[in-house]
Amino acid sequence: MLQNNPLLAQLKQQIRQTTPRAEGVIKATDKGFGFLETDDGQSYFVPPPAMKQVLHGDRVQAVIHENGDKTSVEPDVLVEAGLSRFIARVQKRDGRLAVVPDHPSIKIALKARIKNSLDEASIGDADWVVARLVRHPLKPEDRAFFTQIDELVAKASDPAVPWRVTLARHALEQECPDAGDDWPLRDEGLEREDLTAEPFFTIDGEKTRDMDDALRIEPREEGGWRLTVAIADPTAYVEEGHAADLEARTRAFTVYLPGQNVTMLPEQLADDLCSLREGEERPALACTLEVEADGSLGEYRFFAATVRSQAKLVYDRISDWLEGQGEWTPAEEIAGQLRALRDMTEARAAWRAEHALVFKDRPDYVFDLDPAGNVLDIRIEQRRIANRMIEESMIAANACCAHLLAEHVGHGIFNVHRAFDPEKAEAAHEFLTAQQIEVELEALSELPRYKELKRALESRDDAWLDARLRRFQGFTSMSARPGPHFGLGLAAYATWTSPIRKYGDMVNHRLIKRVLKGEQAPAEATQALTEQLTERRRLNRMAERDVKDWLYVRYLTPAAKAQEAFEAEIFGITRGGMRVRLIANGATAFVPAPMLHSDRDKVVIDDKEGRIQVEGEERYKLGDVIRVELIEAREETRSLVARPSA
């Protein structure tokens with residue numbers, strides 16, 4: 001009754017108005033106390049009794065208490081809860097039900113109830129669930145934490161736990177969509193050119209089933225090449241507004257995880273009717289483009305077609321053959337095309353290096369799993385010539401798509417990338433100036449001048465400089481209007497080459513078809529759609545990272561027990577230590593500051609500059625390659641801990 005007393009509430013309000021206060025986010029420690037971190041960089045101690053009223057991540061208002069030279073705070077108003085919907089493990093003790101959030105900084109058991117629609121008997125101790133915080137002790141009329149279990153994600157013994165838990169954490173679909181087996185080819189009023197006799201071929205991974213693109217290339221008498229890119233045509237089967245289309249729009253992308261793909265389109269379409277399988281006739285949207293001898297792009301033509309791939313080729317076999325290795329040999333009519341495609345690729349790469357920008361080659365890490373999901377091996381796949389052949393072909397085709405949509409439609413789904421986050425541009429300029437790199441602030445947001453800057457920076461081959469600049473970089477987003485792609489150095493970029501896997505590419509397919517038919521374009525994509533596409537891509541990448549982290553921990557547990565040593569690159573430095581990436585397998589590990597020296601006072605970490613001094617001498621910096629020993633593999637947090645190797 002006291003809680004509802006209006007006089008007591010008025011008195012509390014008066015006290016709040018007359019006492020020093022702070023607002024910020026709670027950061028918990030594993031020792032019972034915590035800190036309140038304010039937006040202006042202040043940090044206040046939160047004693048253990050007060051921490052029982054809050055959770056890590058809560059944004060709160062708190063009363064500041066001064067006790068001699070010690071300052072602490074007592075949270076008393078919840079601004080925003082750090083937990084809302086979350087993944088947890090069930091805890092059943094003596095008939096009491098609780099959940100423990102799957103969070104590295106929240107390890108307390110929260111009382112729980114089960115949603116009425118769930119069968120309580122089906123949920124056991126240590127099972128994985130989706131839960132929701134429904135009561136918080138800092139909320140009016142709430143006295144304690146209380147949660148509700150909304151969904152059973154996986155039983156504790158389920159071998160698919162890493163995949164199911166990760167997809168549930170990011171609210172991504174667990175299964176491929178199912179929309180029946182009846183998929184007739186639609187009459188879209190398009191005249192399809194019959195290219196079934198042309199020797200098209202695909203290049204993919206050995207196990208790839210959803211093959212989006214097939215190629216045909218011819219050297220031109222006057223020099224250069226004529227490249228035809230044929231792309232799978234799911235919109236020939238899926239009408240806009242159909243249930244499968246709406247589901248694809250929601251999913252936005254196929255999710256690619258080690259050992260499991262969750263398709264955007266029904267598997268009947270993604271892996272069968274639309275996939276450009278060898279020997280099968282397929283509808284396609286195609287583009288023939290002229291590539292000049294110097295690698296520049298000339299005229300292009302989009303059209304609808306019917307194609308039949310005459311060869312399913314594999315990256316490594318092609319690379320081996322072109323490099324004079326291995327025993328595999330392509331048919332002669334394909335062999336000539338592969339040589340021509342290699343030559344075109346080298347010309348395009350050289351042109352882009354001079355007139356646009358080229359990404360540095362980074363290896364891919366491939367997980368080999370057994371049927372139960374255990375990691376057998378992690379292989380390094382380098383970006384070899386065959387990978388580059390496909391990459392250059394797709395970049396050229398997508399550049400043509402961007403030009404077509406910008407010229408004839410005025411909108412579409414464009415990939416827009418700013419080199420630097422607009423809010424960080426001034427800080428980036430100050431950093432470059434401090435490094436004796438003279439550049440005007442405006443050059444960071446103007447594509448031609450940025451390309452000059454980027455080439456100058458790359459000529460330095462300075463790993464520390466590259467790593468520091470990443471702190472200021474912007475992200476790629478989807479936009480309905482054309483905009484520059486600073487990463488590629490192109491004035492506009494719009495993908496249409498992966499419509500089986502990307503909904504934005506389906507949108508662009510439909511716009512291209514309207515141009516071909518001379519129809520008026522529809523209204524441009526809404527901001528809600530482009531923001532959703534951007535967000536879903538972010539979630540997909542996070543899910544891929546999270547599953548890999550889980551599998552890395554399982555795979556490297558024996559190495560941690562044996563304290564095995566690895567070469568590693570430093571890619572992150574914080575006040576608590578440094579993050580490294582193991583070169584042999586791509587796993588990331590944390591090296592805590594106490595591991596850098598037995599006396600923590602002799603370690604000075606400059607997280608802003610990305611440098612670490614030990615005993616007064618610089619010992620580590622961003623971009624360095626060092627040798628580390630794994631010492632812990634923590635599956636509960638999916639994290640690896642390492643120390644510098646002696």
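**Charges over rings**

I count a charge as over a ring if NZ of Lys or CZ of Arg is within 6 Å of the ring centre and within 35 degrees of the ring normal. I found R638 placed likewise over the ring of W550, with its charged end 4.0 Å from the centre.

**Ground rules**

I am working on a predicted model, where local features need pLDDT of at least 70, side-chain atom pairs count only at pLDDT 80 or more, and totals for chains, interfaces and linings use all residues. Residues are numbered from 1 along each chain as its sequence is written, and side-chain values use heavy atoms, with hydrogens and water left out.

**Aromatic pairs**

How many aromatic pairs does the structure hold? I get eleven. Rings of Phe, Tyr and Trp (its six-membered ring) pair if their centres lie within 6.5 Å; planes under 30 degrees apart are stacked, over 60 edge-to-face, and the rest tilted.

I checked F302 and W496. Their ring centres are 5.0 Å apart and their planes stand at 65°, so this pair is edge-to-face. The pair links distant parts of the chain, 194 residues apart: F302 is in strand 17 (residues 297-314), and W496 is in the loop between strand 21 (476-479) and helix 12 (503-517). Helices (H or I, at least four residues) and strands (E, at least two) are DSSP runs, numbered from the N terminus. Are F302 and W496 buried or exposed? Both F302 and W496 are buried. Buried means under 20% relative accessible area, exposed over 50%, and partly exposed in between (1.4 Å probe, protein chains only).

I then took F431 and W464. This pair is tilted, at 5.8 Å centre to centre with 55° between the planes. F431 lies in helix 9 (residues 425-434) and W464 in helix 11 (residues 463-469), so the pair ties together parts 33 residues apart in sequence. F431 is buried at 5% relative accessible area. W464 is buried too, at 4%.

I also noted a cluster: ring pairs link F33, F35 and F45.

**Helix packing**

Two packed helices are described by the angle between their axes and the distance between the axes. Axes are lines fitted to C-alpha atoms, for helices over the stretch in contact, and angles run from 0 to 180 degrees between N-to-C directions.

I looked up helix 8 (residues 385-408) against helix 12: the angle is about 60° and the axes are 11 Å apart. Helix 8 and helix 12 are therefore oblique to each other. Under 35 degrees counts as roughly parallel, over 145 as roughly antiparallel, 65 to 115 as roughly perpendicular, and the rest as oblique. Which residues make the contact? I list C401, L404, L405 and H408 of helix 8, and N508, L511, I512 and V515 of helix 12. Contact means heavy atoms within 4.5 Å.

Next came helix 4 (residues 243-251) and helix 13 (residues 527-561). Their axes come within 8 Å and cross at roughly 60°. That makes helix 4 oblique to helix 13. R249, T250 and R251 in helix 4 meet L529, Q532 and R536 in helix 13.

E141 lies in the loop between strand 9 (128-135) and strand 10 (146-154). At 62% relative accessibility, E141 counts as exposed.
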